[in-house]
Amino acid sequence: MGYRCIQCGFSVKALYVQYSPGNIRLMKCENCRAVADEYIECEIMILVIDLILHKPKAYRHLLHNVINQETMKFHGLLWKSAVIFLLFDAYRCLISESSKGKLSSSMSFSSLVSISQKVVMDVFFGNFMFLLTFFFMVKIFFHVSISASRWNDLLLVLLISGYFKIFLIAMMVWEFPSSLIFIIELFCLSSNIVALKVMTESTMIQCVWTCFSAYAIKFLVTQILELILLGQLKQSWSQMPYLLSLKPT
């Protein structure tokens with residue numbers, strides 16, 4: 001990923017020229033003649049607000065001009081983002097189970113094992129199917145061959161644009177209805193769509209179908225696995241009286 005103008009997305013060689021410490025001059029884009037990246041001189045909160053508002057130029061600044069493979073430890077950031085994303089996803093699953101009344105201080109060991117299995121399936125297998133569907137749809141809709149470098153770029157785009165999951169932390173402090181999880185997931189979906197459009201410069205409808213399909217497959221797979229797990233638990237509980245009635249010879 002090279003530097004880009006946040007206004008038109010045109011490639012630029014440099015964003016600013018530094019004459020002395022604290023004395024810089026922002027470069028202009030050769031295509032639109034506007035300042036290539038005005039966020040360099042802005043406060044971080046302005047960038048955060050524009051990201052929440054889903055402004056494409058804020059995503060261009062973050063994905064092209066800040067997260068750059070040539071200027072930072074890209075792979076380290078990729079792995080750290082993946083771990084944080086999975087932790088937030090696991091916490092989302094625990095909140096969802098808690099809202100159903102399945103989490104309590106007096107729950108049995110079998111219930112704890114069941115919830116652990118549900119979290120593992122939801123977080124790991126669900127996200128695996130999400131990524132598999134996402135990259136398949138990218139290949140179908142965008143007609144591009146995904147190289148290892150492009151794979152890493154798109155994966156980091158998904159992880160970074162899922163920053164709305166950080167609002168789950170608020171549910172540790174304040175009590176919110178479980179419907180907030182659905183709202184956060186919708187914001188993550190919309191953020192993924194804007195980030196994908198900025199990264200691939202494709203049409204909005206292609207990005208919508210790509211991200212929506214990935215979320216839909218993840219939801220369906222996790223629901224099917226939950227039903228299978230629930231059926232296995234009911235079968236084991238139905239056999240429990242018979243096992244208890246058996247006497248050792």
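This is a predicted model: local features need pLDDT of at least 70, side-chain atom pairs count only at pLDDT 80 or more; totals for chains, interfaces and linings use all residues.

Residues are numbered from 1 along each chain as its sequence is written, and side-chain values use heavy atoms, with hydrogens and water left out.

**Helix packing**

Two packed helices are described by the angle between their axes and the distance between the axes. Helices here are DSSP runs (H or I, at least four residues), numbered from the N terminus; axes are lines fitted to C-alpha atoms over the stretch in contact, with angles running from 0 to 180 degrees between N-to-C directions.

| Helix pair | Angle between axes | Distance between axes |
|---|---|---|
| H1 (residues 44–52) and H2 | about 120 degrees | 8 Å |
| H2 (residues 56–66) and H7 (residues 179–200) | roughly 70 degrees | within 9 Å |

The angle listed for the pair of H1 and H2 makes H1 oblique to H2, where angles under 35 degrees count as roughly parallel, over 145 as roughly antiparallel, 65 to 115 as roughly perpendicular and the rest as oblique. Contact (heavy atoms within 4.5 Å) is made by Leu47, Asp50 and Leu51 of H1 with Ala58, Tyr59, His61 and Leu62 of H2. By class, these comprise five nonpolar, one polar and one charged residues, with Ala, Val, Leu, Ile, Met, Phe, Trp, Tyr, Cys and Pro counted as nonpolar, Asp, Glu, Lys and Arg as charged, and the others, Gly among them, as polar.

H2 is roughly perpendicular to H7. On the H2 side, Pro56, Tyr59, Arg60, Leu63 and His64 meet Ser191, Val194, Ala195, Val198 and Met199 of H7, and the contact holds seven nonpolar, two polar and one charged residues.

**Cavity and pocket**

On a 1 Å grid over the protein atoms alone, a cavity is a set of points where a 1.4 Å probe fits but cannot get out, whereas a pocket is an open set with protein on both sides within 12 Å along at least five of seven lines; lining residues have an atom within 4 Å of a point. Grid points are joined across faces, edges and corners, and a volume is the space filled by probe spheres set on the points.

The whole structure has one cavity of 30 Å³ or more, and the largest cavity holds about 50 Å³. Its lining consists of Phe85, Asn127, Phe130, Leu158, Lys165, Glu185, Asn192, Tyr215 and Lys218, with two or more residues given by each of H4 (109–142), H7 and H8 (204–245).

The largest pocket holds about 610 Å³ and is lined by 20 residues, of which Arg92, Phe182, Glu185, Phe219 and Gln223 lie nearest its centre. H8 gives the largest share of this lining, eight residues, and the lining divides into nine nonpolar, four polar and seven charged residues.
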